[in-house]
Amino acid sequence: MINILICGIGGKMGGEIAGILKNDDKTDIVCGVDLKTSDNVNVPVYASFDEVKEKTDVIIDFSSPSVLKDELNWVVKQRCPVVLATTGYTYDDLQLIERAAKKTAVFKTANFSMGINLIAKLARMAAEILGNDFDIEIIEKHHNNKKDAPSGTAIMLADAVNAAYDGGKEYLYGRKGITGKRGKEIGFHSVRGGTITGEHEILFAGDDEIITISHAAASRKVFATGAIKAAKWLVGKPAGLYNMNDLLRDI
Ligand SMILES: NC(=O)c1ccc[n+]([C@@H]2O[C@H](COP(=O)([O-])OP(=O)(O)OC[C@H]3O[C@@H](n4cnc5c(N)ncnc54)[C@H](O)[C@@H]3O)[C@@H](O)[C@H]2O)c1
């Protein structure tokens, strides 16, 4: 039995994970960490990691960057693997994550869907072929409660494209007041409204032709299933920073 702690158990994704794990006889949710309680599952929910007493084999985190420091201190002390699915981490946060990954197994991805990870590869391939003849813009759409903009997935897709240019593209967030000839940028545009789960489009615009590579998530289930798969896979792994490529290579 794998003992799982859900950080962010009271949120939309925490609820989705709890719902799926209820019917999984290989895992147990032992507790949650959240600032609010959960209606989805009857386990203790703590406001901070200091209070956690339960033996935990792996953490699944869909919460907020604000909990990261406490969480990493805890996982390093306990040598507990952690799946970080939260987005919106700062540069300093990413440094902390890398440091913690020297002591315990850390899995981090901004998007758990197979489809998004596939279009990241397709977009990189497209950029390698199209070179500098096409302008690149990323348009992402999410529900009206999303905490970060642009989405972590949009940045992940831009990084995949930018790898084709050896990191030579600059990122431009919105285009208000920026007119005239484009530079060597990737433009980001964020749309927020209603209950949109998550839509991403990478647009390559050239002379007289446009190529778009797009993905739409129809529900949160796709992210939850991926995160659970990653958590099971991560248990017993040595310290290190893992991502979807490692998981997909192995399963
Ligand atoms: N990697 C992926 O595939 C993927 C998919 C969907 C969402 N996400 C990300 O997951 C995160 C959560 O998404 P959501 O839609 O469930 O959001 P949500 O707002 O519904 O839930 C977040 C939960 O975290 C809790 N929380 C906030 N600050 C906290 C703190 N300091 N300590 C403990 N708990 C805290 C909130 O109380 C809330 O219950 C976001 O960053 C989102 O972008 C990632």
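Tutor: Alanine 158 belongs to helix 5 (residues 152-163). Helices here are DSSP runs of H or I with at least four residues, strands are E runs of at least two, and both are numbered from the N terminus. Residue numbers start from 1 along each chain as its sequence is written. Please keep in mind that this is a predicted model, in which local features need pLDDT of at least 70 and side-chain atom pairs count only at pLDDT 80 or more, while totals for chains, interfaces and linings use all residues.

Is alanine 158 buried or exposed? Alanine 158 counts as buried because 23 C-beta neighbours lie inside 10 Å. The cut-offs are 20 or more other C-beta atoms within 10 Å for buried, 12 or fewer for exposed, and partly exposed in between, with the C-beta atoms placed from the backbone. Leaving out residues up to four places away in sequence, alanine 158 touches Ile138, Tyr171 and Ile186; contact means that C-beta atoms, placed from the backbone, lie within 7 Å. Glutamate 137 is 21 residues away along the chain, yet its C-alpha atom is 8.9 Å from that of alanine 158.

Now to the sheet beside this helix. Five strands make an open sheet with mixed pairing, in the order 8-9-7-10-11. Two strands count as paired if DSSP finds at least two bridges between them. At the edges are strand 8 and strand 11 (209-216), each pairing on one side only. On average, neighbouring strands of this sheet are turned by 20° against each other, direction ignored. Helix 4 (residues 114-130) lies across strand 10 and strand 11, at about 165° to strand 11. Helix 5 packs on the sheet as well, touching strand 7, strand 8, strand 9 (185-192) and strand 10, and its direction makes about 160° with that of strand 7. Such angles run from 0 to 180 degrees between N-to-C directions, using axes fitted to C-alpha atoms, for helices over the stretch in contact.

Proline 150 is in the loop between strand 7 (135-142) and helix 5, and a cis peptide bond, with omega about -5°, joins alanine 149 to proline 150. Aspartate 166 is in the loop between helix 5 and strand 8 (170-173). Its phi is positive, near 50°, though aspartate 166 is not a glycine. Most residues other than glycine have a negative phi, and most peptide bonds are trans. Aspartate 166 is exposed, because it has 7 other C-beta atoms within 10 Å.

Strand 2 (residues 27-33) pairs with strand 3 in the parallel sense over 2 bridges, and glycine 32 stands opposite valine 45 in strand 3. Strand 5 (residues 82-84) runs parallel to strand 6, joined by 3 bridges. Strand 6 (residues 105-108) is covered on both faces, with Ala105 and Phe107 buried on one side and Val106 and Lys108 buried on the other.

Finally, there is helix 1 (residues 12-21). The axes of helix 1 and helix 6 (residues 221-234) come within 9 Å and cross at roughly 65°. Residues in this contact include Met13 and Ile17 of helix 1, and Phe223 and Ala227 of helix 6. By class, the contact has 8 nonpolar, 1 polar and 2 charged residues. Nonpolar covers Ala, Val, Leu, Ile, Met, Phe, Trp, Tyr, Cys and Pro; charged covers Asp, Glu, Lys and Arg; the others, Gly among them, count as polar. Helix 1 also gives the most to the shell around the ligand, with 3 residues. That shell has 26 residues, the closest being Gly8, Gly10, Gly11, Met13 and Ser64; a residue is near the molecule if its C-beta atom, placed from the backbone, lies within 6 Å of it. The shell divides into 9 nonpolar, 13 polar and 4 charged residues.

Conventions: Contact = placed C-beta atoms within 7 Å.
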